[in-house]
Amino acid sequence: MKGEATRRQVLAGGSLAAGAAMLGGCGENPIPGTLAGADWQRGHLLRDRKFPDPTGPIEDIGVVIAGGGVAGLAAGWRLAEARFSSFRLFELEDSTGGNARSGANAISPYPLGAHYLPVPNCEATALRYMLKQFGMIVGEENGVPVYDPYQLCADLEERLLWRGRWHEGLFPQQGLDAGTRVQRNAFDARMAQFRTATGRDGRPAFASPMALSSADPRFRELDALSFATWLDGQGFTAPTLRAYLRYCCRDDYGSEPEQVSAWAGIHYFAARRGWAAGGDGDRELTWPEGNGRLVHLMAGRIRSHIASAHSVFRVRQEGDGALVDVFDHRAQTSRRFRARTVVIAMPHFVAAPRVVPWIATGDFDPRGSYQYAPWVVANVTVSRPPEGKGVPLAWDNVSTASEALGYVVATHQSLSRDAGPTVLTWYLPLSKESPEQARKMLMTRRLAQWQAIVRDDLLAMNPDLTGAIRRIDVWRWGHAMIRPSPGFLSDPARHAAIASPPPILHAHSDMSGLSLFEEAHYRGVMAAEAALTHLDHAFESLT
Ligand SMILES: Cc1cc2nc3c(=O)[nH]c(=O)nc-3n(C[C@H](O)[C@H](O)[C@H](O)COP(=O)(O)OP(=O)(O)OC[C@H]3O[C@@H](n4cnc5c(N)ncnc54)[C@H](O)[C@@H]3O)c2cc1C
């Protein structure tokens, strides 16, 4: 299709600049909206080390948490659970939540990044404990958690635009040749084997959180090659299957199958064993504002400990504690804290070597092999919900003909889904360009150019939205998520962060190589428990 090829070119790699120029200059009425994103200026201040030295007396404190994304908030939540109150959480941005932040307008709250949490596995004990505390797990049936149905994604969860019609699910069910069907079944069978496999250490081959996965070399060796190479070797080459697997890699990792390890690619399919009564184990938890709901609940628990618009710019060990220098962006002053423990809950590319230089000890590059996938998210306010031939509107709506990942519907969970206005959250990982090229594009492309790309992609999926788009708010993530590239599991910088003893502890989803809520939460809780142990503060384990 000629029109489709043009749209693909616009969204894809090499011709992005040309496409953007073409779309930006179309001379149509401007679409209302905003262009925003993670605060680069504050980030670049850190890079350029442009902070004044602290003045005033040194303030003593038990724990400093440096970063208020899911990992930092989970660390604070865990400290509060243990009735430990001598801590402060500093967050560089004006609000906490990191990549799981949300926005809102008169129609609905909506996600700016993370939008769902799969029903957690049995091994995710602390996360389950927290969901129980938040009223999302409402009971047990024979010891198995029962989830509040209003927190689980309502029907229809997913639909796919394939050959002009919307179908349920994300993999085409009709019109496939026999070879593709055989390969799809064989792939599913292989993933089912991995899902139930255990290593020689008795652990599941693939667990969630990933730190609880088997270290058996039989599985760990899958980290040495790319997912694409593994798929080729296994004979999983059918284009429709590969397009689906590419979608999955880009959806969870913002990356191409060539860019992620086979271990990570398989983890996506083999690690999820959601533990829930009533057959709800394979479902997802979602809210209009996405994971922003969980962020607000965690932050609410520790509100008085949070200082936003504060950058932690220097951490130095001093005896068995640490000196922590913090810049207050509102007051434009720096302060120094003497903390008995610090939890570094910021991304690795910020922490090492800019903030925590001693991670450089050892004969490896402290920056490690960390690479980050950039993303664009657009919240599109429409005066009526999308429709289309085939199955009705789902929460997640994906087109096989688009380079974008489609859109989720913010009002999907509401009881009355009438024909009124709604907000569609549209996702595009910039996985084809190098991260540097993509970041440059994020910095230079104007709002109108992004809006034109989003609008054209949406209208190609849903021509019925013609005339219904009221505004497009674009959000840019320059370092959206860690890329689980081949070899990452054995990266010495990753191991140094994991093994870092008190007083300086690390907690971020980067340490898992998988940018997922479950991973960030686990890292935060583990760091908080290590801090409590270091501080001799008694606490009970969460079950
Ligand atoms: C577009 C997009 C979609 C996603 N979708 C999903 C999804 O649906 N489900 C899912 O599970 N995951 C999703 N994710 C992944 C998401 O990143 C993780 O789930 C999780 O939110 C990561 O939390 P974190 O705390 O590890 O990191 P971050 O979110 O990176 O938090 C780190 C925090 O540290 C702050 N910070 C940085 N430097 C400093 C400093 N010097 N001082 C103080 N603070 C600092 C940052 O501002 C940030 O708030 C998505 C991510 C993106 C970008």
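Guide: Helices (H or I, at least four residues) and strands (E, at least two) are DSSP runs, numbered from the N terminus. This is a predicted model, in which local features need pLDDT of at least 70 and side-chain atom pairs pLDDT 80 or more, while totals for chains, interfaces and linings use all residues. Residues are numbered from 1 along each chain as its sequence is written, and side-chain values use heavy atoms, leaving out hydrogens and water.

Visitor: Which residues of the shell come nearest to the ligand?

Guide: A residue counts as near if one of its heavy atoms lies within 4 Å. There are 37 residues around the ligand. Glu 91, Asn 99, His 508, Ser 509 and Phe 517 come nearest.

Visitor: How many residues of each class does the shell hold?

Guide: Ala, Val, Leu, Ile, Met, Phe, Trp, Tyr, Cys and Pro are nonpolar; Asp, Glu, Lys and Arg are charged; the others, Gly among them, are polar. The shell around the ligand has 21 nonpolar, 13 polar and 3 charged residues.

Visitor: What share of the ligand's area does the protein bury?

Guide: Areas come from the Shrake-Rupley method with a 1.4 Å probe. The ligand taken alone exposes 1000 Å². The protein buries 95% of that.

Visitor: Turn to the second largest pocket. Which residues lie nearest its centre?

Guide: Rolling a probe the size of a water molecule over the atoms shows where empty space is left. A pocket is an open set of points on a 1 Å grid over the protein atoms alone, where a 1.4 Å probe fits, with protein on both sides within 12 Å along at least five of seven lines; lining residues have an atom within 4 Å of a point. Here the lining has 32 residues. Glu 158, Tyr 244, Arg 272, Asp 282 and Glu 284 lie nearest the centre of the second largest pocket.

Visitor: Which helix gives the most to that lining?

Guide: α6 does, with 5 residues. At least two lining residues come from each of α6 (178–196), α9 (239–253) and α10 (262–270). By class, this lining has 14 nonpolar, 5 polar and 13 charged residues.

Visitor: Take Glu 256. Is it buried or exposed?

Guide: Buried means under 20% relative accessible area, exposed over 50%, partly exposed in between. Glu 256 counts as buried because its relative accessible area is 9%. It sits in the loop between α9 and α10.

Visitor: Where is Ser 102 found?

Guide: Ser 102 belongs to strand β4 (residues 102–104). It counts as partly exposed because its relative accessibility is 21%. Ser 102 and Ala 307 are 205 residues apart along the chain, and their C-alpha atoms are separated by 18 Å.

Visitor: How far apart in space are Ala 126 and Ala 106?

Guide: They are 35 Å apart, C-alpha to C-alpha, and 20 residues apart in sequence. Ala 126 lies in helix α5 (residues 125–133). Its relative accessible area is 14%, so Ala 126 is buried.

Visitor: Now the start of α3. What does the side chain of Asp 39 reach?

Guide: A side-chain oxygen of Asp 39 comes to within 3.1 Å of the backbone nitrogen of Gln 41, at the start of helix α3 (residues 40–47). Just after α3, Arg 49 has a positive phi of about 50°. Arg 49 lies in the loop between α3 and β2 (59–66). At 55% relative accessibility, it is therefore exposed.

Visitor: What phi does Ala 309 have?

Guide: Its phi is positive, about 55°, although Ala 309 is not a glycine. Ala 309 sits in the loop between β12 (306–307) and β13. Its relative accessible area is 0%, so Ala 309 is buried.

Visitor: Which residues does a cis peptide bond join?

Guide: Leu 156 is in the loop between β8 (144–147) and β9 (158–162). Another joins Ser 208 and Pro 209, with omega about 10°. Pro 209 is in the loop between α6 and α7 (217–220).

Notes
Buried means under 20% relative accessible area, exposed over 50%, partly exposed in between (1.4 Å probe, protein chains only). A polar contact is a pair of N or O atoms within 3.5 Å; within protein, one must be able to donate a hydrogen and the other to accept it, and residues adjacent in sequence count only if both atoms are side-chain atoms.
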